[in-house]
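Subject: Structure for you, with notes

Hi,

Here is the structure I promised to pass on. My notes follow below it, with the cut-offs spelled out as the terms come up.

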Amino acid sequence: MVWSEVVFQYDGTFDGFLCCVYESYVHKEFPIAFFGDEECFSLYAVRTVITQRDHAKRILRSLVQRSVPAVQVLRRAFLTCMEDKEVHLYAFVRKLYAEGVAFLKNQSDPVYYPLALAIRHMNGELEKLRGFVRFSDYNGVLGAEIEPKNRVLPLLRSHFCNRYANEAFFIFDRTHREILLYAKGQSRIFPVDQLQLTLPGEEEIHYRALWKRFYETISIKERNNPSGQRSFLPKRYRGTMTEFLPLDHERGNNRVTPPEFPGVLSVPSAPDGIPAPEIPQ
Amino acid sequence: MDLLDKLTILADAAKYDAACTSSGVRRGFQPGKIGNTSSSIAGCCHSFSADGRCITLLKVLMTNSCVYDCKYCVNRRSNETRRAAFTPRELADLTIGFYRRNYIEGIFLSSGVLRNPDYTTEQMIRCLHILRHEYAFNGYIHAKAIPGTSPELIHQLGLLADRLSVNIELPSEAGLQTLAPDKTKSAILRPMGLIRDQAAQSKAELVKYKHAPSFAPAGQSTQLIVGATGDSDKHILYLTQSLYRRYRLKRVFYSAYVPVVESSLLPALNSKPPLLREHRLYQADWLLRFYGFQAEELLSDEQPDFNPRLDPKCNWAVNHLELFPVEIMQADYEMLLRVPGIGPLGARRIVSARRISHLTYEDLKKMGIVLKRAQFFITCNGKIPAGLRFSAATLIGQLERIEQGLLPDAVPEQLSLFDNAG
């Protein structure tokens, strides 16, 4: 029987993607494109995939049996902003089933390369963000905003939960509209449409002023090198960094309420949230 | 004087120190303590200043008052400048405030010499003690060991810090005599030897007792000023190599001399800092530490200074054409590392991939090999890249043209009608 070409529509989660793999093999259907919840128009037949835990588990188990590192590649690549991400991931899964794990040794393998490249790009962003995330103290709670290209929150989670284990903090991802909350040894990631920040207090403004002054003073003007600075600290990161923002940047953004703390964490499961995939470190 | 003023003066006075890394130690979260150190091997950069340099630590002086009168230094006694000093607690609070906001990985504490080296070091220890023990700060601390400090105080400092450094600054005894008459080579090298020995002892004890105190676990580093004296690149690089070998240094930093003071003994005030020279030294330093090169291979009496038009690796390769081309499918890892355009990561990827696949030039590009440079020195399955034309005579010119676009502050060269393309 010949495989027919279809378009898959699924819920955008990693488990959902695994279910797509499952359905594809069950129905002998080859996905040429994937859509999320948005309406999809296509000349091809559309299969809507309902996420079912046991199907996802079955696929995951079979993948883990073949190679744990391959599953890590899949999980990481799923968080990247690569175009047609699912198509590349699907090709990767098929090759893994068909040929085994050897091609993972070759970064230039035509099926592995797009994933490897996207992960390299994401790792670069991650490394930068570990340093570039800027917290502000909002009445004892630390808060930060980021605008990453990739969905990095699940990967920043362990670093910041470790660093600020004694604090309560949140990081809001403006691009993907999700938030990481941490308090008292527990962390959670869930979608948030909009975040309204309270105005900073006097002490916060004082520290911002000190940091801005340090930042300007530490540069040696005889060595001025804007292009070098731009390549290490691209402009797209600067919109959330204290040293490039006015002292009270929250003002005028019609922001009022701080996120509830730590009440949000005690909700047993986030309402209709997409739980971010756990990343084994 | 308020804190903002102090910070301005004491950061300004510290900015010529090039060392700003938070690498060399991985310490996770510990219950009851604040923070951790970076999980990455390379440390963590928190920002980049307008000069393109990484900011990872709160780099300040305890005080910029100094009893010494080193000619090259902004903090010398005879310089008329505003003086300030942090109190230990002030600085500890500032560090915590910055660390909580993820501005920094920790603190890099240095100081001018107030009264005498021991008194100065005691002030630094007091600040770091508040940080480590009162505030339970678990982040990164880099402290400067001041030459002339007594061994007991250096020992205490090392127990509080992750990294210690002693700056040599002037690469030769002659330079010291003219520019820093209060310092001698042996006074600088003594604490370095001390730090090396105590770190080794602490490591040995940690093997035996789990809770033995660790002394400067991220090792020690130093800084050499480039261009304040007449020392050649060869002298500086050979010195670097012997520091790595004899004193087990983790890093040697180079700082292009920025003329800050009018002196007949120093470069004129309007002369530009020798940034290209500094860049070449860093490139060569990398070759020593990660590529298996020896200083003697890079510079010699015949060529005591780096070629400004070619990076040290290319320069070495064009002088050893008898070793090339290298066959990608067969050359061992060490030889791959010697090919211009191939780094440790690329070499590892090649070694791993060639076991299962015949590699093409397209594949190499995907692995992050800089083919622009590597193409002249390799064959892939016995073939050179299609369309590549060069001879031993044209090679240097071709490489120089590539290098031109890569330099940090490349000055476009005027094109000549007779410049042969290709």
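Strand β1 of chain A (residues 4–9) pairs with β3(A) in the parallel sense, over four bridges. Strands here are DSSP runs of E with at least two residues, helices are runs of H or I with at least four, and both are numbered from the N terminus; two strands pair if DSSP finds at least two bridges between them. Contact means that the C-beta atoms of two residues, placed from the backbone, lie within 7 Å.

The open sheet has three strands in the order β2-β1-β3 (chain A), with parallel pairing. β2 (29–35) and β3 (45–48) of chain A are at the edges with a single partner strand each, so one side of each has no neighbour in the sheet. From one strand to the next, the twist averages 40 degrees.

Please bear in mind that this is a predicted model, where local features need pLDDT of at least 70 and side-chain atom pairs count only at pLDDT 80 or more, while totals for chains, interfaces and linings use all residues. Residues are numbered from 1 along each chain as its sequence is written, and chains are lettered from A and ligands numbered from 1 in the order in which they are written.

Now for the place where the chains meet: 41 residues of chain A are in contact with 46 residues of chain B. On the chain A side, the elements giving two or more residues are α5 (113–132), α6 (153–163), α7 (202–217) and α8 (226–232). The largest share, eight residues, comes from α7(A).

Chain B itself has 15 helices and ten strands. Its C-alpha atoms fill a box of roughly 65 × 55 × 35 Å along the principal axes.

Best wishes

Technical notes. Axes fitted to C-alpha atoms, helices over the stretch in contact; angles between N-to-C directions.
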